[in-house]
Amino acid sequence: MAVLADRYGRHFPYLRLSLLEACNFRCSYCLPEGYRATPGLPAPLHADEIARLLRAFAALGMRKLRLTGGEPTLRKDLTAIIALAAASPGVEKVALTTNGCLLRKRRAEWQAAGLTALNVSVDALERERFARITGHDRLDDILLGIEEALAAGFPSLKLNAVLLRGLNDDQIPAFLDYLRTRPVSVRFIELMQTGTNRAYFERHHLRADALEAQLQADGWQPLPRAGDAGPAREYAHPDYRGRIGVIAPYSRDFCAGCNRLRVTAQGDLRLCLFGNVGIPLRPLLQHDDQADELQATLISQLGLKALGHGLHRGETGLTPHLAAIGG
Ligand code: SAM
Ligand code: SF4
């Protein structure tokens, strides 16, 4: 079987597919003014186009799919897309990244359709602080949704928190308390500079190194990296049921372990979150008999993947904000 590999020997069993750009939240680091439709932007891929895309990636060795956005749960056909993904040959994990707005209402049906992992963005555990960062006073509802998922034995639950100097850096002890009794993982993500958040980035960017040093001083042990691990550095502690992951895109080894590709909601293949190239796949998603051409295109485009991003040089590539590409 052909598999997706690049000229640096990296393999790509992991696809992140954005289901739509739109979002109902106004996270201050992502869409501070709320989502505004890009003029002329075509509709997101339809379910039948997504089905063809997933078939091609599955045939080329995809093992894990993450559905993201924008806010992917705003799509009416999300449950059907989860079921499609879960039924794709070889796919072992179907994950969803969400702001949690529909977690309570829909989690059971997503789970029944085959969803195996949920990442819920929770940037603060204090109600007002959460509302200030996201523009929505929804923390209590979201945390309840997480409790219900735990009680229902949901297989993998992670909270995503973007580290923000002066906005949530005093929340770390609250997150640690939360992890003491719950088998969930909190991922602290270093704020990334995008095309539209430069001033914000300069004000609120906080390097993860200091946090990692503090965690280690407090007895958190770094876990050995699994061969197929993503970019998070994972920590565990004997007194805590939960784990911590740190995602530090500015660290030197971040790109070396890259195992993911992205497809935007309109069907552009992005070889890197911060790359300058978008390869339109949509024209190859119109008929079932384009399957071979689609696979051949994916294989040849991987030859263009760069070794690393240029974020250190302030090169943010095509990404105006992460909602546009699927963070
Ligand atoms: N709307 C969903 C959500 O918020 O979980 C999915 C899309 S969102 C773009 C995916 C993840 O990217 C979220 O965890 C969010 O906090 C994170 N994110 C967005 N902008 C970011 C930035 N500039 N730097 C770091 N993480 C960011
Ligand atoms: Fe929406 Fe997610 Fe961006 Fe927040 S981080 S504005 S929830 S897309």
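Start at Gln 221. Its bridge partner in S8 is Ala 236. Keep in mind that this is a predicted model. Strand S8 covers residues 233-236, and S7 pairs with S8 in the antiparallel sense, over 2 bridges.

Now step back to the whole sheet. It is open, and it has 12 strands. The order runs S7-S8-S9-S6-S5-S4-S3-S2-S1-S10-S11-S12. The pairing is mixed. Which strands stand at the edges? They are S7, residues 221-222, and S12, residues 278-280. Each has a single partner strand, so one side of each is left without a neighbour in the sheet.

A helix packs on this sheet as well: H5, residues 139-151. H5 touches strand S4, 117-121, and strand S5, 157-163. The direction of H5 makes about 150 degrees with that of S5.

Next, ligand 1. How many residues are around it? There are 20, and Tyr 29, Gly 70, Glu 71, Ser 121 and Met 192 come nearest. By class, that shell has 8 nonpolar, 10 polar and 2 charged residues. The sheet contributes here. Strand S3 (93-98), S5 and strand S6 (185-190) each supply at least two residues of the shell.

Look at the polar atoms. The side chain of Tyr 29 has an N or O atom 2.9 Å from an oxygen atom of ligand 1. A backbone N or O atom of Thr 98 lies 3.2 Å from an oxygen atom of the ligand. At Met 192, a polar backbone atom is 2.9 Å from a nitrogen atom of ligand 1. On its own, ligand 1 has 550 Å² of accessible area, and the protein covers 96% of that.

Last, ligand 2. The residues surrounding ligand 2 include Cys 23, Cys 27 and Cys 30. Phe 25, Tyr 29, Leu 31, Gly 70, Asn 99 and Ala 323 also belong to that shell. By class, the shell around ligand 2 has 7 nonpolar, 2 polar and no charged residues.

Note on methods: Residues are numbered from 1 along each chain as its sequence is written. Chains are lettered from A and ligands numbered from 1 in the order in which they are written. This is a predicted model: local features need pLDDT of at least 70, side-chain atom pairs count only at pLDDT 80 or more; totals for chains, interfaces and linings use all residues. Side-chain values use heavy atoms; hydrogens and water are left out. Two strands pair if DSSP finds at least two bridges between them. Helices (H or I, at least four residues) and strands (E, at least two) are DSSP runs, numbered from the N terminus. Contact means heavy atoms within 4.5 Å. Axes are lines fitted to C-alpha atoms, for helices over the stretch in contact, and angles run from 0 to 180 degrees between N-to-C directions. A residue is near a molecule or strand if one of its heavy atoms lies within 4 Å of it. Ala, Val, Leu, Ile, Met, Phe, Trp, Tyr, Cys and Pro count as nonpolar, Asp, Glu, Lys and Arg as charged, and the others, Gly among them, as polar. A polar contact is a pair of N or O atoms within 3.5 Å; within protein, one must be able to donate a hydrogen and the other to accept it, and residues adjacent in sequence count only if both atoms are side-chain atoms. Accessible areas come from the Shrake-Rupley method with a 1.4 Å probe; for residues, only the protein chains shown count as cover.
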